Amino acid sequence: MLETAFFYMFGGMSVLSGMGVVLARNTMHSVMFLIFCFFNASGLFFLLDAEFLGIILILIYVGAVMVLFMFVIMMLEVNAAKLREGFLQYLPLGGMIAVVLMIEFIAASSSGVFAESAMGAVTHMGQEVNNTKEIGQILYTRYLLGFEIAAIILLVALIGAVVLTIRERKDAKYQNMSAQVKVRREDRVRKVSM
Amino acid sequence: MANVTFPFPFPDHLITLMPEMIVAIMAMFLLLFDVFVAKGSKTTAYLAIATTVAAGVATWSLQGPDPLVAFYGFFVFDSFAVFSKFLIYVATALGMILSLEYMKNEKHIGEYYVLMLFAMLGMMLMVSSNNFVTMYLGLELMALCVYVLVAYQREVLRANEAALKYFILGALSSGMLLYGITFLYGVTGSFDFAVMGEKLAHAEGDATAAVMLGMVFLIAGLGFKVSMAPFHMWTPDAYEGAPTPVTAFMSVAPKVAGFVIFMRIVADLLPALQHEYQSILIGVAVLTIAVGNLAAIAQRNIKRMLAYSTVGHVGFIMMGLIAGSPAGFSGILVYLSIYLVMTMGVFAVIILMRREGIQGELLDDFAGLSKVRPGYALAMGLFMFSMAGIPFLGGFWAKYVVFMAAVEAGHLYLVLYALLFSAVGAFYYLRVVKYIYFDEERVAFNFIESRPMQATVFVTAVTIVFLGLFPDALFELCRQALVGLV
Amino acid sequence: MQETALTLSTTELLAIPALPLIGAMIAGLFGWAMKERMAHSITSGFVILSALLSIHVFTQVLAGASFHGNLWTWMIAGDFVVPVGLLIDRLTTIMMVTVTVVSACVHIYTIGYMHGDPGYPRFFAYISAFTFSMLVLVMGNNFFTLFFGWEAVGLFSYLLIGFWFKRESANYAAMKAFIVNRVGDFGFAVGILAIWYYYGSVEYKTVFAMTPDFVAQNVTLGFMGWEVAAITFICLALFVGAMGKSGQVPLHVWLPDSMEGPTPISALIHAATMVTAGVFMVARLSPMFEFSETALVVVTLVGAITAWMCATIGLVQNDIKRVIAYSTCSQLGYMFVGLGVSAYSASIFHLMTHAYFKALLFLAAGSVIHAVMAEQDIRKMGQLRKYMPVTYITMLLAALALAGVPPFAGFFSKDLIIEATMAREFTEYGWVGSFATFAVLTGVFMTAFYTFRMFFLTFHNSDRVDPHAKGHLHESPKVITIPLMILAVGAVGSGIWGVTVLDIANPEVLNGYFGDAIFVMDAHNPLMVMAADGGVHGALGMILHAPFTLPFWLALGGIGLAYFMYFKQTTMPAKIAAASGPIYTFLLNKWYWDELYEKIFIRPARSLGTFLWQRGDLGIIDKGAIHKGIIDNIVAGAARMRAMQTGFVYHYAFAMVSGVFVLLTYLLLKA
């Protein structure tokens, strides 16, 4: 009973804060709403006894990703009012589509396929089951391939970020190590016959 | 899916993934290696090309009569995957060859080839996947690399813009894809195509709405990658903004991977929903064919024109999916193979057009080519005729096989519609020929010749003619490749 | 491989198309390294050799030989087999001889005509390759070789019309020809597809053999809400292809414009051979067309309209080549009328005689144009007979043949068609028969008139040649006049030869000369009706009988009127033109077909393209957001661009979401 109440609280809050992300006039407020949304999602994980996922979500998303986000947004000057230009103009059609899509989503989700009878009830594993260990075990065995590919994706993200942001400024002086190492006497000293 | 066993049977798995291993290791090695080579050296590029060849050799040596499965069913190596992998190798290798001269003056060119290899790796994983986990991860790996490749010329404004657009919309499409997968997983409780297909066949009446929703989002997400209308809108911008070799690469390889996944899904996951997926694919195909062929007419920039042309071709390829028969599937493979050759050839010629102060991307830049370089002109003419589906060049057979398959499956009207639009399409292909042969030179041609480019043009042109005259072998190969899938 | 009493050598048969192909490849690939002399000797030599071989095969077939067999299999796709094979019978050989002989004459003529043109070897390569394609078209034994030849001749026609690519009008004409033909080809492709769909085979023999059963099964298909017999659908779809290729209304608009090409091309492709492919195709497929009365009625109707309408246009044209071009359209209309009334043999006969005299007319016109420094307006000619006697005489012979004056070639073939038209009665659409009779009869008068109008204005009347060109007036060199003379022999003699040697007109032999190459149902056979009416036998008989028939006097009347107007009362034409104001303008503007197409097809197509471009691309993407975004970005900095960019990605994303929305809603509503 209490659990159900918490579920609806976390769920409702995450929906509301999700709407806040989209509707807030100030970009900073949007980010704050998003952080709040993540906290609620994390709460939902905790309700499922998935404490590892809950903590990871806060650590990585709230602790790292969103902070980075805030830095970027603070450094850029985004005019939110400009972004929202034409909002009303699109509202009737866009709103209509959104409403109908939502009805369809609800119809799909509530069609009974995700009901307990179909999916089986969620069982509490209890304290003796170590969530972190279980995830680690399955990640390094059955889902090893996916795990490795994910690692490569991260590597590519890293390469991409460097490639797209590296700048060689013309006015700055650089030290070219390899050129320094490769240098030979002839390059530097010229014998002049007097 | 097999149970998890200990100790882990490592060697078997790794041998099955030999081509992927080679590519991954070489990509990382080249990343380090590039630091030590002199500026302007093409060693990295050649090593990257050699890697595709090595992957080809590895794939060839692995193939046997029976499909191999590794990593608890997350990876399959069947004849279907082998065929599509070879298409991907060829597309990647040609993309790299086209880049040799074009990207010569870019700084930090080493990472460019590394990213191409990683993109290839992503596609290899995609075509070898029979489940959503491997498929999605492979797809993201490929997409991430392509986003960066599009933006590679950072000082070019339109490249930045194109990449950003592509990235944002790509993220949206990934979201849609995942959302669709979630629903299907919710209904079936599995990620494996075959298992899911089995479950879907026995799904109860309640499940319909959820399954439909999952399927629509799945098709939308994948449709984005292969440029189906209305999910195609990024295509012209990205094609125009990207460096031309990247355009060539991304107009072929991801389409191959995307359609292969589509075929696996249609064959394994959706047989129970044949009626539903056909009806929406028909709608999408009708729109795709019309948009591609009509919008191309108004283009002055040949890369933009080819972008719409790709959309048109995708519409035609979809007819094979709609047919859903072995003939349709082998038709798709035939189409993709021929499309690969034509497209690579066309882009090679476009790259050759780049000269002092001119991008060579406008139709006007081709005016009078026939008088200066009859060879290039002839090749370009052949490609254009082939794309228009004029018999008896490769492109004709490509259209022919998918249309026939669709007719056999009872979609006569759709084929008539497609025939009509392929006649419309002939107009803009022919217009290029008109510029080349019937117009006066407007800007002096001042070619930067390069052997690999010329060789590419020559080989692709000869292949198109050869396939036009003797398509039989290719048909047979594509039929063989389907053994085990359908 | 099935062979009859007399055997034909496969090698010889293959050599006939192969020789021009080899010539084309040599001239095309190595033309740049060749002297003119080398290029024309190789190609012309090969084509002449091919013509001689064709004649040899022709004599063998005349003696009773035939050949049908597959030589090799080109492709197997599942149960779909595409063989490459030959079907050599009396219908084929007559086409082979016509094609190769005219082609050989045109090759020789070209040596003189194109002398000094920068594209000299290329031209020879094209016409040789064209000859090859045309031979494939006629010699094949299945629909696939037919289709191959069909597309290939279209391609070379396109390349040759646009041969002088520096002329804007030539480019335009080439595009027009190609696009109009694509419309026809669409129908043709659909027809072949349907044949494969219903019959499961593309070989003529198999398809023909299956047709009676197929018709008996009463297979129908719903098409656009109509229930149509499948055989009618197939025949009509194929006929749409024939309409495109053979310049029948409403797809005739490209043919007069194709005169932008060099004159030898007009003679070879747009008079003698390619445009008759449609006629050949219908005759070849007579075992199918015979089973669909509807298709035959349509063929007759389209042919009659074309024959009549193009003749009226021809009356007022001033460009010498355009007069002949419209005459070609009109004569093709006659052939289709002949096919429609099941007088296939008469049509093919007319095709052959027409090939000779029309090629001759074109080549003679070319000779004239050559002499007066590329002037094509007949109002700026006159009195040329004094300067070019050979051209004059040969052209006169051709004109007489075209007008249908006995004993010249056109008389026999045209007369047969007219008589057959009068004899044939359609069961359901009787008025079509009456209309066709009216069209072919008035057509005779108009044909005679416009032919001699052109002839008199060119060679007689007053001397209106541009003084500047006057100094150059001379008879053309031998390479030009010799082909004229060879063709003149055909224009004079092919009619008599056809009637006497081939016995084409003999109603007592069921299909005349063609035997089983053409299939006619007894009930349809107008030749049998004519025989029952006490038909006339033999060439001499036909000539003697001519004065008692209407067409003869109509033809003489036409010539007489032309003589009167352009010889005696030379002021009259202008008066008539002024008096008949709107009609004259209407005819001069070719019934406004081009304008009509401009209005209903070209403009909407262009505006649709422009719409998608302006609104879809420029409106939403470029002008609306991106384009403005780029420019403003350069001007006003990155911040603004980012703002704009969000705007346009919004549009893309919106399209995607809408797509999902539509698909999902559709599926859920359906379920």
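Q: Are α2(B) and α5(B) roughly parallel or roughly antiparallel to each other?
A: Helices α2(B) and α5(B) are roughly antiparallel to each other. Angles under 35 degrees count as roughly parallel, over 145 as roughly antiparallel, 65 to 115 as roughly perpendicular and the rest as oblique. The model is predicted: local features need pLDDT of at least 70 and side-chain atom pairs 80 or more, while totals for chains, interfaces and linings use all residues. Residues are numbered from 1 along each chain as its sequence is written, with chains lettered from A and ligands numbered from 1 in the order in which they are written.

Q: At what angle do the two helices pack, and how far apart are their axes?
A: Helix α2 (residues 18–36) and helix α5 (residues 110–127) of chain B pack at an angle of about 165°, and their axes are 9 Å apart. Axes are lines fitted to C-alpha atoms, for helices over the stretch in contact, and angles run from 0 to 180 degrees between N-to-C directions. Helices (H or I, at least four residues) and strands (E, at least two) are DSSP runs, numbered from the N terminus.

Q: Which residues make that contact?
A: From α2(B), the residues include Val23(B), Ala27(B), Leu30(B) and Leu31(B). From α5(B), they include Val114(B), Leu117(B), Phe118(B) and Leu121(B). Two residues are in contact if their C-beta atoms, placed from the backbone, lie within 7 Å.

Q: How do the residues of the contact of α2(B) with α5(B) divide?
A: There are 15 nonpolar residues, one polar and two charged in the contact of α2(B) with α5(B). Here Ala, Val, Leu, Ile, Met, Phe, Trp, Tyr, Cys and Pro count as nonpolar, Asp, Glu, Lys and Arg as charged, and the others, Gly among them, as polar.

Q: Moving to chain C, how do α3 and α15 cross?
A: In chain C, the axes of α3 (residues 90–113) and α15 (residues 344–371) come within 10 Å and cross at roughly 5°. The helix α3(C) is therefore roughly parallel to α15(C). Among the residues that make this contact are Ile94(C), Val102(C) and Tyr109(C) of α3(C), together with Met352(C), Ala359(C) and Leu363(C) of α15(C). By class, the contact of α3(C) with α15(C) has eleven nonpolar residues, three polar and no charged ones.

Q: What is the make-up of chain B as a whole?
A: Chain B contains 20 helices and two strands. Of its 486 residues, 66% count as buried. A residue is buried if 20 or more other C-beta atoms lie within 10 Å of its own, exposed if 12 or fewer, and partly exposed in between. Of the contacts in chain B with a separation of 6 or more, 80% are between residues 24 or more positions apart.

Q: And what about chain C, in helices and strands?
A: Chain C has 27 helices and five strands. Buried residues make up 57% of its 671 residues. Contacts between residues 24 or more positions apart account for 78% of those in chain C with a separation of 6 or more.

Q: How many residues do chain B and chain C give to their contact?
A: Chain B gives 46 residues and chain C gives 42 residues. On the side of chain B that touches chain C, the elements giving two or more residues are α7 (157–188), α9 (208–225), α12 (274–297), α18 (412–438) and α20 (472–481) of chain B. The largest share of that side, ten residues, comes from α18(B). By class, the side of chain B that touches chain C has 38 nonpolar, three polar and five charged residues.

Q: How many residues come from chain A and chain B where those two meet?
A: That contact takes 27 residues from chain A and 33 residues from chain B. On the side of chain A that touches chain B, α5 (87–109) and α8 (144–165) of chain A are the elements that give two or more residues. The most comes from α8(A), with 13 residues. This side of chain A divides into 18 nonpolar, six polar and three charged residues.

Q: What is phi at Ser227(B)?
A: Phi of Ser227(B) is near 65°, a positive value in a residue other than glycine. Ser227(B) is found in the loop between α9 and α10 of chain B. It counts as buried, because it has 29 C-beta neighbours inside 10 Å.

Q: Where does Ser342(C) lie?
A: Ser342(C) lies in the loop between α14 (320–340) and α15 of chain C. Its phi is positive, about 70°, although it is not a glycine. Ser342(C) is buried, with 28 other C-beta atoms within 10 Å.
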